[in-house]
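Please look over the sequence and the model below. Then read on for a short tour.

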Amino acid sequence: MSDSITEGNSRKLDHSIFDADIHGQSMNMVYLVRIFNWIGPHKKLALFSISLVISASILAVLLPVVISRVVIDGIIVGEPDLLLPDFGMNALNDWLAGLTGWQSIFSACTIFGVFIICCHTFYHLHRITFARTVLHSLRDMRLDLFSHMEHRPSSFYDRVAVGRIMTRITNDVQALFELLMGLGMLIGEFVPFFIALVFMLAIDVKLTLYLLMAIPIFAVITYFFRMTTRRVYRQIRNTVSQLNQNLQENLSGMQVVQLSNREDKNLSVYRDINKDNQAHEIHAIYLETGYGAFMDNMVNMALAVIIWFGGGSAMQDAISLGSVILFTQFVDMFIRPIRVLGMQYNVLFRAMASAERIFQALDWHEQIKEPKHPAILPERIKGKLEFRNLSFGYDSQQVLNDVSFTVQPGEKLAVVGPTGSGKSTLIRLLGRFYDFNDETIFLDDIDLNTIPSHEVRSRIGVVLQDFHIFSGSILDNIMLGNPGITRQKAIDAAKIVHANRFIEALPMGYDEPLVERGQNLSQGERQLLAFARVLAADPEILVLDEATASIDTETEQLIQDALKQIMQHRTSILIAHRLQTIAEADRILVLKHGALKELGSHDELMALKGVYYTLNQLQFQDVSTSPGE
Ligand code: ADP
């Protein structure tokens, strides 16, 4: 289905998925069926849970039968109406009394006690097994979503804010949890309803029909009530989010607020929203309590009808007294499902919007082109890179224009150019983060597009400017779960890039836990760790975007030395910002407006007195030593 979505359409979809608020929409059976795909693997547990609720419901309906038919009609009144069904309860009681020699009233109470214990135990087990089914299914769904998002390309993340996907996935999966648990609750209410209905029709059709007539009235009232509360609850949500937003803006901009003496004004804005919120909350409470009282009264009215009609019939011996009492017990079973449906109404419909967003996210199949007939690379490649008439744009605008150059095995090429000239783009294409035209980049004379992306990434080590730290130990961050990297290999790599100095000074050394985003590491230390990570992975080609942050001279020296180590015997492409790094390169490539302007050694380019010469004069004038000196 989504394979047929065109690129243009999918872009539009994307924004609707992640920008839309939950407004609630109609019940969509397609989504429900899709949700059941995740329940499928746990269907045994689900069926067991449903059989438990059916058993519990049968017992719940039999309990009043024991009281009315056996105790009242059979024992107290002593005139069991043999024409009316008792579902075998009198026979069961006679059998138990005969077997044990107990008085009938005692054996009837024993049956009642056993039924009630079994009934509640079954309900309890049903709730546990149902919750387990739902939790297992949602665990699988969350995993599927995570793995789906892992395989979306960078172009996807350029368009969609990551925070948005995150909150949507967590909130929407939570909404589905509520939906499924709500469905479970409805099953737990409607099963007894239908079983009670069958029992009541078997006992007295006319009285059952009187009761059934009340149901559409309850349903219509509940429907209109929920429509009203839905609006009020939306107003409450709106005012709560306004309160939060207002508070957040004020707290984070407190200095500006105080400098401009806006405290009173802002307080009055906050007071107004707060007042609105309170008014809507009170409105909701009035509605809810009003509805509760109304429904309670309706239940009692239904009881009055039963006593009026049923009592009259009992006096004329048309039905037994036990039957009238039985019906009064069933009234609650009739009304409860409608009340619960009303309670779950908003949850169910809001969850539909969440389900829609989850499925649209799962239907997004945009991915990096993978070769149909992948090229097989030898165990060790030479490491020659060639760019042949490479042109590229993220969207309609060209970022790289007809770029052609070759990097020989083992050669070190520095890429320089003004900001926005396309240097990082060049690196991103080498990491296969975006699709580019076939036969424009070659690795050892093999078209890069014919090599599977995971293979490309294991041969070309890319060090990005922003070194991403995952929560875990230092060693975890060097090894990144790669089974080919042993602990010793990771430690050796850290030593070669001089990262061992700061690591060994940490309280737990290589096992020191790192906070996510690495706040407990300095810029220079992060850079060294990034080098250790790439060296441990031992790729044949190194592509590096040099960090621009200023680092103290001593660390700078360590970094330069580490860089020299990792570039050894390795084809390297460096986006260089430091003169010293450029000095390490065999050749320098100058990009401007996405086009290759100059390519040659430092001396050659200086002699040209072109872009490199100007850049050199402007950017590097504060560096005292120049290459070659
Ligand atoms: P440099 O690394 O030389 O500063 P970049 O390769 O980052 O330049 O960017 C080159 C051009 O591509 C810039 O005009 C930038 O705005 C644009 N660009 C970079 N990344 C993206 C992206 N993900 N989506 C759209 N345009 C981008």
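This report covers a sheet, some helices, the salt bridges and the cysteines.

## The model

The structure is a predicted model. Keep that in mind throughout.

## The open sheet

Six strands form an open sheet. Their order is E6-E9-E10-E3-E11-E12, and the pairing is mixed. Strand E6 (460-463) and strand E12 (595-600) are the edge strands, each pairing on one side only. From one strand to the next, the twist averages 15°.

Look at E9 and strand E10 (residues 571-575). The two run parallel, joined by five bridges. Within this region, Val543 stands opposite Ile573 in E10.

## Helices across the sheet

Helix H12 (residues 423-430) lies across several strands: strand E3 (412-416), E6, E9, E10 and strand E11 (587-592). H12 runs at about 145° to E9. Helix H18 lies across E3, E9 and E10. H18 runs at about 150° to E9.

Helix H10 covers residues 263-315, which makes 53 residues.

## Salt bridges

How many salt bridges does a search of the whole structure find? The search finds 19.

Start with Arg459 and Glu540. Their side chains meet in a salt bridge, at 2.9 Å from N to O. This pair links distant parts of the chain, 81 residues apart. Arg459 sits in helix H13 (residues 453-459). Glu540 sits in the loop between helix H17 (523-537) and strand E9 (541-545). Are these two residues buried or exposed? Arg459 has 9% relative accessibility, so it counts as buried. Glu540 is buried too, with a relative accessible area of 6%. Both residues also belong to a network of salt bridges, which links Arg380, Glu455, Arg459, Asp538, Glu540 and Arg570.

## Two more pairs

Asp511 and Arg487 form a salt bridge through their side chains, at 3.4 Å from N to O. The two lie 24 residues apart in the chain. Asp511 is in the loop between helix H16 (500-505) and strand E8 (513-514), while Arg487 is in helix H15 (residues 487-496). Asp511 is partly exposed, with a relative accessible area of 34%. Arg487 is partly exposed as well, at 43%.

Glu584 forms a salt bridge with Lys564, and their closest N and O atoms are 3.9 Å apart. Glu584 lies in helix H19 (residues 579-584) and Lys564 in helix H18 (residues 553-567), so the pair ties together parts that are 20 residues apart in sequence. Glu584 counts as partly exposed, at 26% relative accessibility. Lys564 is partly exposed, with a relative accessible area of 43%.

## Cysteines without disulfides

A disulfide is a covalent bond between the sulfur atoms of two cysteines. How many disulfides does the structure hold? The count is zero.

Take Cys109, which is in no disulfide. Its nearest cysteine sulfur belongs to Cys118 and is 16 Å away. The cut-off for a disulfide is 2.5 Å between the sulfur atoms. Cys109 counts as partly exposed, at 45% relative accessibility.

Cys118 is in no disulfide either. The nearest cysteine sulfur to Cys118 is that of Cys119, 8.7 Å away. At 29% relative accessibility, Cys118 is partly exposed.

Note on methods:
Residues numbered from 1 in each chain as written. Predicted model: local features only at pLDDT ≥ 70, side-chain atom pairs only at ≥ 80, totals over all residues. Heavy atoms only, no water. Salt bridge = Lys/Arg side-chain N within 4 Å of Asp/Glu carboxyl O. Helix = DSSP H or I, 4+ residues; strand = E, 2+ residues; numbered from the N terminus. Buried < 20%, exposed > 50% of the residue type's maximum accessible area, 1.4 Å probe, protein only. Expected span 1.5 Å × (residues − 1). Pairing = 2+ DSSP bridges. Axes fitted to C-alpha atoms, helices over the stretch in contact; angles between N-to-C directions. Contact = heavy atoms within 4.5 Å.
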